[in-house]
Amino acid sequence: MAQVIPSRMTAEIDGDFVVFLIGMRINKFWKVHKWVPVFLAMPPMLKELQAHPESGCLGYIQTLGVIVQYWRSFEHLESYARTRDRNHWPAWMAFNKRMGDSRGDVGIWHETYQVRAGEYETVYSGMPPYGLGTAGKLVPASGHRESARDRLNRSTGALST
């Protein structure tokens, strides 16, 4: 278990990056044969991404129902998704085959956000490294990083969190 940092921290990451949210929704619980394979497909993909940092995946958070991934670029994310000898492509093909004309049994979704350098802010208080703090580096949220507005590199007001 990661060590809790007993102070306010913020995350910094060099350059642009991508935040990718992905999840599934079980619409018909009794159709276990439809949703269990979807549920079981993600852990091997995450393990593969951890083993291959050159893929461009900077890190991820897995919670119940949603996985947040941080990527160096959209091109890295798309390349992983479309590379046929990686875990995603065969899982995606199997999902489409299994769903056939019953797409209402289990839902999958994702959202992709491109974040330009410096156009984000984070704060973690009494937390182990988490979120963007695991993909970038953690630094004290003090001085010119004290408030959310300061962390967004804006000079007017003092919107504190």
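Mentor: Helices (H or I, at least four residues) and strands (E, at least two residues) are here DSSP runs, numbered from the N terminus. By that rule R8 lies in strand β1. The model is a predicted one, in which local features need pLDDT of at least 70 and side-chain atom pairs count only at pLDDT 80 or more, while totals for chains, interfaces and linings use all residues. Residues are numbered from 1 along each chain as its sequence is written, and side-chain values use heavy atoms, with hydrogens and water left out.

Let us begin with β1 itself. Two strands count as paired if DSSP finds at least two bridges between them. Strand β1 covers residues 5-12 and is joined to β6 by 3 bridges, the two running antiparallel. Within that pairing, R8 has S125 of β6 as its bridge partner. Strand β1 is also joined to β7 (residues 137-140), by 4 bridges and again in antiparallel fashion. There, M9 stands opposite P140. As background, the side chains in a regular strand alternate between the two faces of the sheet.

R8 is partly exposed, with a relative accessible area of 24% (buried means under 20%, exposed over 50%, and partly exposed in between, using a 1.4 Å probe and protein chains only). Although R8 and S142 are 134 residues apart along the chain, their C-alpha atoms are separated by 7.7 Å.

Of its 161 residues, 34% count as buried. Among contacts (heavy atoms within 4.5 Å) between residues at least 6 apart in sequence, 69% join residues at least 24 apart.

Rings of Phe, Tyr and Trp (its six-membered ring) pair if their centres lie within 6.5 Å; planes under 30 degrees apart count as stacked, over 60 as edge-to-face and the rest as tilted. The structure holds 3 aromatic pairs. One of them is F17 with Y120, whose ring centres are 5.3 Å apart and whose planes stand at 80 degrees, so this pair is edge-to-face. F17 belongs to strand β2 (residues 17-26) and Y120 to the loop between β5 (106-115) and β6 (124-127), so the pair ties together parts 103 residues apart in sequence. F17 and Y120 are both buried. Another pair is W71 with Y80: the centres are 6.1 Å apart and the planes at 35 degrees, so this one is tilted. W71 and Y80 are likewise buried.

N27 is partly exposed, at a relative accessible area of 31%. Setting aside neighbours within four places in sequence, N27 is in contact with G104, D105, V106 and G107.

Finally, consider two helices. Helix α1 (residues 32-51) packs against helix α3 (residues 88-99) at an angle of about 175 degrees, with their axes 10 Å apart. The residues of α1 that meet α3 include P37, V38, A41 and M45, and F95 and M99 are among those in α3.

Key. Axes are lines fitted to C-alpha atoms, for helices over the stretch in contact, and angles run from 0 to 180 degrees between N-to-C directions.
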